[in-house]
Amino acid sequence: MGNILADDDSEPTHSQKSTATGPNRRALLKSGVALVGGAALAGCTGGQEGDTTTTTTESGGSGEPTNIAIISSPAGFGDKAFNDLALEGLRNAAQNANINIQQVEETDQSQYRTVQSRLAESSSPDYDLVVLVGYNHTQALESNASQYPDQKWMLINDYVDQPNVAGYTWANHEMSFQAGVLAATMTTRELSHAGNSLNPDNATVGFVGGVDGALINAFERAYRAGAKWVSEDVSVKVGYIGNYTDTQTANNIASSQYDAGADIVYHAAAAAGQGVFQAAQDANRFAIGVDADQSKTLPDYQDVVMGSAVKFINKGTRDVATAVVNGNWDQVNGQNVLGLEEDAVKLVLGQAVGPKLPDVVKQNLQKSKQAIVNGDVTVPCSASGCQN
């Protein structure tokens, strides 16, 4: 194993992309007014297709309620990963405080500026915090954060330099490096589980990304670097979907990688990643999940989920919500980057497949973690993505 990391000499294949926008956006505010507890959101003068408002009231505490809204990423809620984890954290906070949570599902990025401003202008209710799931919200927030200085915002996976923004970025690249360590450690070993197996004679793994851009490129490059840290002989196949919702294209790309000899495919594709798991089942191979422990959140695929690169987004949203409830905004605002050193990201082994993996897997994961934390290994890119 080496300490100086280099990208795979082979160029990733980015030609397998979908121009589809995924399923039809799920709900309409046809009236132009979003109703919350019977009251119209201020500033909502022209409804936008594609966003759904769901309000839930949690009553884990007493006193005046804290109103929190959360706007989804383009993958939407129900992704069993990124969005659901963010929402889970708010619900966890609500177990100990009187919190009203409004879910706003908007899968069209072009509407984010409008949806954000509508919530910021609302007076019934007046939102104490608006949580924005994903870097897709950044451009809109760059305008809205200064336009609405009294509105507190939490931005996940990016940062806007304004005093009313708490930017939380998890070290996607560090957990992806460890995903590469897992994949490369196992691709040359024998494993059989529930009819799925590895071919130890073919040191090949795969990666399926959502959008081919700076953020997901960091997942890819770190994954390849992690694989090369284990062995320079490992070949990494790469493909991009073009969005985060098209499970069929994800399935097609992963299937082509399995057909080309990949034993294990890691996805960074949010909801679309379920197509990778289906391809793994069809090919009798294995896959690595992302964001949440997908052997638990997607139990139908637990027979192929070797592990998941997990980031504890739920802890982040819980902490920010709790800080707002307690009036401790200064403890969470600003730029927050959380990684392996803070135990904020982790490669967790699958609940069904994990117990069958050899001890060398845990050993390599621990060695690589320590090397990264100590600074002996430099992971490509950064938590916010690849800038070149």
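Biologist: Which residues form one aromatic cluster in this predicted model?

Modeller: Four residues do: Phe-207, Tyr-223, Tyr-240 and Tyr-266 form one aromatic cluster. The structure holds seven aromatic pairs.

Biologist: Why is the pair of Phe-207 and Tyr-223 called tilted?

Modeller: Let's take it in two steps. Ring centres must lie within 6.5 Å to count as a pair, and the centres of Phe-207 and Tyr-223 are 6.0 Å apart. Planes under 30 degrees apart would be stacked and planes over 60 would be edge-to-face. The planes of Phe-207 and Tyr-223 are at 40°, so the pair is tilted.

Biologist: What makes this a link between distant parts of the chain?

Modeller: Phe-207 sits in strand β11 (residues 204–209), while Tyr-223 belongs to helix α5 (residues 214–230), 16 residues apart. Both Phe-207 and Tyr-223 are buried, too.

Biologist: Now for the cysteines. What makes Cys-381 and Cys-386 a disulfide?

Modeller: A disulfide is a covalent bond between the sulfur atoms of two cysteines. The cut-off here is 2.5 Å between sulfur atoms, and those of Cys-381 and Cys-386 are 1.9 Å apart. A search of the whole structure finds one disulfide.

Biologist: Why is this disulfide of Cys-381 and Cys-386 called right-handed?

Modeller: The torsion about its S-S bond is about 85°, so the disulfide is right-handed.

Biologist: Is Cys-381 buried or exposed, or partly exposed? And what about Cys-386?

Modeller: Buried means under 20% relative accessible area, and exposed means over 50%. Cys-381 has 25%, so Cys-381 is partly exposed. Cys-386 has 7%, so Cys-386 is buried.

Biologist: What makes helix α2 mostly covered?

Modeller: Seven of the ten residues in α2 (residues 112–121) are buried. Among them are Tyr-112, Val-115, Arg-118 and Leu-119.

Biologist: Why are α2 and α3 called roughly parallel?

Modeller: Two packed helices are described by the angle between their axes and the distance between the axes. The axes of α2 and α3 (residues 138–147) come within 9 Å and cross at roughly 25°. Angles under 35 degrees count as roughly parallel, and therefore α2 and α3 are roughly parallel to each other. Their crossing is right-handed.

Note on methods:
Residues numbered from 1 in each chain as written. Predicted model: local features only at pLDDT ≥ 70, side-chain atom pairs only at ≥ 80, totals over all residues. Heavy atoms only, no water. Helix = DSSP H or I, 4+ residues; strand = E, 2+ residues; numbered from the N terminus. Buried < 20%, exposed > 50% of the residue type's maximum accessible area, 1.4 Å probe, protein only. Axes fitted to C-alpha atoms, helices over the stretch in contact; angles between N-to-C directions. Parallel < 35°, antiparallel > 145°, perpendicular 65-115°, else oblique. Left-handed = near helix turned anticlockwise from the far one by under 90°.
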